[in-house]
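Dear colleague,

I am passing this structure on to you, and below it I have set out what was found. Please have it open beside this message while you read.

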Amino acid sequence: MIRILLISEDGRPRRGRGRAAGRAPDTPAIATARRAPRCPPPRGGCRQADWPSSAGGGTPARPVRAWAPAPGGGAAPLPWQRRGAALLPRTDGRAGTMSSLAEAPASRAPSRSPARSPALSPGPGPSGCGGERRRNALDAGADLGAVQDTQLRSVDLNHVIRLLEDSDSKDLEKEQLKTLKKVVKRFENGLPLKDLAQVIEILNLCAEKMSEQEAFTEPLCELIKLCGLPFQKKKLSDEVSYSVAVSKSIAQLGYLMRVPSCQVRIQICKCVVSFYNMELPRKQLSGYQPTSANYKIQMAELGGLAETLVLSLALVENKLTEKLWVLKALQHLSSSGVNCRLMMKAQAASRLCLYLNGVDPSGQLVFRSSEILWNLLENTSKEEVVNQLSSLECVHALKEVFVDLLMHGFGHYDRQLRNDLLVIATLLAENPAAPMIESGFAKLLIVLATFTEVKIPSPLVKGLKLTYCYEDFELKKLLFNVIGVLSKDPCAVQLLSENDVMPALLYYVKPNQKPGFHDWSAAQHEELQLHAIAILASVAPLLLDKYLACQANTLLLLFLEWCIGQDPFFGQGNSFHGTGGRGNKLAQMRYSLRVLRAVVSLYDDAVNLNLCDQGAISQLLDILKYAANKSKEKEDAILLEIQADILFILSALCENDLHRKELFSYEGVDILIPFIQMDPKKLCSGLGHNCLLFTALDCLWSCVIGCYIAEDYFLEKQGIFLLLDLLALKQKNLCNIILGILAEFCDNPKTTSHISTWRGEKDQTAANLLIQLWRQEELELGVKRDRYGRIVDVKTPIASTFQKQQEVIPMPANCPSFAITEISENIRAKLYSLLCKLGFENLPGLSAKDFVTLAIIRHYIDFKVGEVWSELHAELKEEFRPVATDEEALKVISEISEDTGRMVAALQTEVLESQHHQEIQEEEKTYTKMQAIHKQREMVNKSWENFLTRTSNYEALKKAKRLQEKSIEASRSKLKTQNGAVHSTDIKGLGTTIGSGRLVTVESTPPQLIRGPLAVTDLALRKPSVCEGALKKIKRVKTLDSVKKDSVPVE
């Protein structure tokens, strides 16, 4: 059954169930599921009927915030980013009337129009002008009114104006009032745009007469009420044609706030409110149609009505009812960005804030003022609003109303309004100029944030007890957020230290336990825990003494041990800080490591020693292994951030401490190697691989270099090869740190051999890679070189384009010049240092172009010294003239620098000429080889032609035979052998011209020449079957044996 809060006619709430709960027939009911604060009826001022009360004449029910996370956790973005209005449109279709229809509360919508504000529309009862009574009478006799309307003749507005301007006789008052009633009757269905300017003039004349004749008050209110009806247009273009006149007319409504009449001012505000809840007249004017719904709103923006109403607040400062109606009108107007900017010109933020702590039994003053402030924050510059609120008076007013709601507010509405004001206070705390500390507001907020954890009594919170409802849970998170904001203000550090912020935040650094009956839920406790640890990361570096006194390092290490333990725990992961922590403890691990990263980054010896004495290095390596193994299963940004934070903490702990590097050495190097082997494609994934790689390289530099045990183990793991592989990617952001690591590693004598052994793609050497990086760097710097890479300007051979454009500025001796600072801004110095370690001689894999560049690199330090002397000389000339000896010395130094440049340029030319000469020699050798091959082919062809001739021509064969015999005879010795037999070597009857032997090779015409079946030369390449191949092999062996047996020497 839904609980119904019934508001009786005397303003007191009654409870009932359903419709049969004793509800009076004419008594409106506000359906609500929450207990709302009771608002007593207003006292003083105008009649109660004119009070802008709730729809039922009672409680303003505060709706649920759309931006707040659901109970039990959830993302909690800044409230002003997603803060809705929870304002429902009226369902009765009437604006500015005093109907008492109930309006159900709902969640806030993006529009914060007060026309939708929950239970805060004008209350029932007759208006100050009696217009509602006449409206009811007209409703009862609609037919009679229609007949009378047809009988009315048109009213001459110019005659009315002349009549009102005639003030010679007081006897005209009755005639003037009668004429004004005719005007009201004539335009009861809406004012035509063409007559609006004259009607506004009539309004001004009536306002002037009110100072002497109060009888004009009622007609004036009736005419103002007509302005709340839709304007009437004849043509579609009338809205544009009359826009200037209409905007000025609406602006005049705001100027009428000067009239010292409660009824007039309230009616003006009702008229403005009706702009946002337009009701159509019962009868349309013949030949007219109403303007668009937003036309009046746009004209109000154009006429600057909002600024005028803000300024009118000074006129109603001591009149509560009128002030509330003005605030209601401003609440509607502030839904527009244009109106908010106009309001800010009138210092609306500071004016409204000063009204917050005013006396108001209904509570609407705080509600409407805070709503307008929120609209100003959303629709204008947040900085401008905060600057207007940063006065001491505004901060005091905000503090007083916050404390009042904190101590005496017990309903949802009060708690939510309290939280809204706390968010505004948080914005003020972000402004260093706001007097949060001077007003005592900062101390109050810090005490509120910590008193439930430290259990220390304080007079500021005496008698205060927070519940476990959702609004108080939201308050707790906002108070933690205030501590984080105040931690950025150096003046607030003392307050944080004195009010036990550190113990309160460390209260949450412990394993999660099962919540009790009267406690936060598991999801809420987890959200508070993560929020507190996140704030601790901001506060701990400021309060190191408190940090060590509370043994925070021990608590964090124990908490991290629980994070990688096997305890059954399933994180909810609902909150902003719990991202990625559902079903695991990664969120707790992530924020705990952030705290350690924040404190070790200070490089405080006491903190770092305390960590290392408790075995932090080995424990962090275990956590790093755990995170790396988890990352292999599924990579996400949370795990990558955890690994990067651990590597950074290890770098800070081990830097400049040999013993800690030895503790890191073997196990740490094994963990680092996979990070350096990371796939380069992942660097652009956006998950954080690039940050992880950089922290791994930084950890390598800090934890390995300088410890020979770790260095040698890294070399054994081929770490240098991995670094050079990364360097070969030629990524600008990686080259600098990798070159620095390699230069430091070269202090180890084993490193240079590893660098020289490395080979990259296409057998690239390390020297060639370094020289290519040098050329790439000079190209980006704009150093002048010719197309061969030689020096062009011998005076400034290595100066960049930017360096040459710098003017000479005399600087103190302790300030480095541009030539010095330029060294750290590019990688040329590291490349020079690394090549010096490798040596400039006998570098493998270099081309002539590389040698040209190497000549410049070799004299880099000489050129840099020359640049420094050149800057020194130029600075001296700017202030005074050197003596002759100094001038001569500077001239000699300059000449030496230029001579070095010429020498290097000559050496480069010599290298290029030598290369050119070598290329010519190689070209000649190539041509000689080609000629020899060509000649050999000619001899082969000629020999083949002779063979063909002997084969086909018998006479040629005989001639060749005779020549052969003659040659053989000529080659024989002329000396006769004594006492020895002479044996003839000729075989008679032999018709061949080849040498005789036991075996004869028969040459035939090459198959390629005859182009027949024998031309298929790949038959011999066909692979025979196993059996066939075996048989052929046996036959070949038998054939050879028979040939050997049958062959006989030729005698």
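The buried residues of helix α10 are Cys262, Val264, Arg265, Ile266, Gln267, Ile268, Cys269, Lys270, Cys271, Val272, Val273 and Ser274, where buried means under 20% relative accessible area, exposed over 50%, and partly exposed in between (1.4 Å probe, protein chains only). Because 12 of its 13 residues are buried, α10 is largely enclosed by the rest of the structure. Helices here are DSSP runs (H or I, at least four residues), numbered from the N terminus, as are strands (E, at least two).

Before going further, please note that this is a predicted model, in which local features need pLDDT of at least 70 and side-chain atom pairs count only at pLDDT 80 or more, while totals for chains, interfaces and linings use all residues. Residues are numbered from 1 along each chain as its sequence is written, and side-chain values use heavy atoms, with hydrogens and water left out.

Turning to charged pairs, the count comes to 32 salt bridges, a salt bridge being a side-chain nitrogen of Lys or Arg within 4 Å of a carboxyl oxygen of Asp or Glu. One of them joins Glu635 to Lys682, with the closest N and O atoms 3.4 Å apart. Glu635 lies in the loop between α29 (616-633) and α30 (637-654), and Lys682 in the loop between α31 (658-676) and α32 (689-703), so the pair ties together parts that are 47 residues apart in sequence. Glu635 is partly exposed at 31% relative accessibility, and Lys682 is partly exposed at 32%.

Another salt bridge links Glu778 and Arg828, whose closest N and O atoms are 3.7 Å apart. Since Glu778 lies in helix α37 (residues 766-781) and Arg828 in helix α40 (residues 828-838), this pair ties together parts that are 50 residues apart in sequence. Both residues are buried, and both belong to a network of salt bridges that also includes Arg785, Glu822, Lys864 and Glu867.

Helix α43 (residues 884-952) is the place of Glu924, and several other findings concern this helix. Asp899 and Arg902 both lie in α43, 3 residues apart, about one turn of the helix, and their side chains meet in a salt bridge (2.9 Å, N to O). Asp899 is partly exposed at 42% relative accessibility, and Arg902 is partly exposed at 42%. His916 also lies in α43 and is partly exposed at 48% relative accessibility; its C-alpha atom is separated by 9.4 Å from that of Ala848, 68 residues apart along the chain.

Lastly, there is a nonpolar patch on the surface, formed by Ile861, Val865, Trp869 and Leu872, with about 330 Å² of accessible area together. Such patches are made of residues with over 30% relative accessible area and no salt bridge, like charges being joined within 9 Å and nonpolar side chains (Val, Leu, Ile, Met, Phe, Trp, Tyr) within 5 Å; the areas come from the Shrake-Rupley method with a 1.4 Å probe, and for residues only the protein chains shown count as cover. Val865 is found in helix α42 (residues 860-879) and is partly exposed, with a relative accessible area of 44%.

With best wishes
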